[in-house]
Amino acid sequence: MKLSHRITNINGGGSDGWDVFLKARGMIAEGVAVTELTIGEHDIGTAAPILQEMHRSAMGGHTGYAMVPGINALRDTVAARVQARTGVPTTRDNVIITPGGQAALFAAHTAVCDSGDTALYVDPYYATYPGTIRAVGAVPQSVPALADNAFQPRAKDIAAAAEQGAASLLINSPNNPTGVVYSRDTLQGIADVCKAHDLWLISDEVYDTQVWDGEHISPRALPDMAERTLVVGSMSKSHAMTGSRCGWIVGPEEVIGNLVNLATNTTYGVPGYIQDAASFALNQGPEVEAEVAEPFRRRREKAMEVLAAQNTVTLVPAQGAMYLMLDIRATGQSGDDFANTLLDAHHIAVMPGESFGQAAAGHIRVAMTIDDDRFIAALKTLCAFAADLAKK
Ligand SMILES: Cc1ncc(COP(=O)(O)O)c(C=O)c1O
């Protein structure tokens, strides 16, 4: 039987960039001890008090269908948090709760792109972006953020892409995979292009609690941007709740109203006990978020010391998120070759930059998601391996 082009084309006919990761998982399944520095998953689980609240809620009977846009308590909490952080007036009518940030990305593009519309996104990009855009029937088009410009996208490049006609632009700061935090100038430039070309801005801010250098600015707070910006948020990274699948979109009331129709006809909402736990977790305040972020801050500091002691591997300024983007071009290898040979030689798995787009070619992404000692030992091995390659 024939399947739809839309579903068979989600990966665009190419690799989805997870080859090294899958090879590492295959080795682990065969009993090989692999140091995995690949995916964005904390090495801690969800904190016990959050799980206790989940349990209390479920035992209290919150196991039936929950309200489709989200329970009022969580929508109010998200709205208050966003308003407190950005100063933009926000109510529950600006918020829909989704099964994670990924579902929010899909819903946001569904809301603003018709079939065949061009949806812009920035390269390097989080691995699912082009697939998510194809899944809604839109056409992904990347705009490069170059290593030479510290991976900050330039307004003129976005404008050049938008001139050919586009419905939306997807950005992500703090950025996965580069760890770069977009500056106010970058964001103002993006906002100006969105207004000039009548683009919707979809701003993926799932790493907004992990900023080590500079400040996180939500573009929804820039002048005249609230009416054209959809902010994607999530409990996954801020509260180590990746498996709970709880995220949201913050945007104009009209968009949220339409997204409720989409949710009614697709996900039918998020479990009530998960939402109660999320609401509880957010109400614990920023100290809990800082605690969850702390291991990444600490490992980044230690990593910078290791990297400062050698001169083959260069760190892209790591200002936020749980990753380091390393420039390994001095080895003469591509990110793909380097990641594969490192895995074969030392059983250390990292993501090739090419998995995240051509702008990250010659780089590798290292997730800081294992305990400090193993992380630093693996980084030292990686640097020594790179130095040997560079000598050849
Ligand atoms: C940039 C970015 N956006 C969105 C997501 C999706 O997160 P979730 O669906 O767990 O909220 C991730 C996960 O790694 C991510 O890195």
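Helix 5 gives the most to the shell around the ligand, supplying 3 residues. Helices here are DSSP runs of H or I with at least four residues, strands are runs of E with at least two, and both are numbered from the N terminus. Helix 5 (100-112) and helix 9 (235-238) each contribute at least two residues to this shell. The model is predicted, so local features need pLDDT of at least 70 and side-chain atom pairs count only at pLDDT 80 or more, while totals for chains, interfaces and linings use all residues. Residues are numbered from 1 along each chain as its sequence is written, and side-chain values use heavy atoms, with hydrogens and water left out.

There are 14 residues around the ligand, and Gly101, Asp204, Ser234, Ser236 and Arg245 come nearest; a residue is near if one of its heavy atoms lies within 4 Å of the molecule. By class, the shell holds 4 nonpolar, 7 polar and 3 charged residues. In this scheme Ala, Val, Leu, Ile, Met, Phe, Trp, Tyr, Cys and Pro are nonpolar, Asp, Glu, Lys and Arg are charged, and the others, Gly among them, are polar.

| Residue (side chain) | Ligand atom | Distance |
|---|---|---|
| Tyr126 | oxygen | 3.4 Å |
| Tyr207 | oxygen | 2.7 Å |
| Ser236 | oxygen | 2.6 Å |

The protein covers 93% of the 400 Å² of accessible area that the ligand has on its own (Shrake-Rupley method, 1.4 Å probe).

Salt bridges are another kind of contact. The whole structure has 20 of them, counted where a side-chain nitrogen of Lys or Arg lies within 4 Å of a carboxyl oxygen of Asp or Glu. Arg85 belongs to helix 4 (residues 72-86) and Asp208 to the loop between strand 6 (200-204) and strand 7 (229-234), so the pair ties together parts 123 residues apart in sequence.

Asp224, in the loop between strand 6 and strand 7, has a positive phi near 60° although Asp224 is not a glycine. The peptide bond from Asp123 to Pro124 is cis, with omega near 10°, and Pro124 is in the loop between strand 3 (118-123) and helix 6 (129-135). Ser173 and Pro174 are also joined by a cis peptide bond, with omega about -10°. Pro174 is in the loop between strand 5 (168-172) and helix 8 (184-196).

Definitions and conventions:
A polar contact is a pair of N or O atoms within 3.5 Å; within protein, one must be able to donate a hydrogen and the other to accept it, and residues adjacent in sequence count only if both atoms are side-chain atoms.
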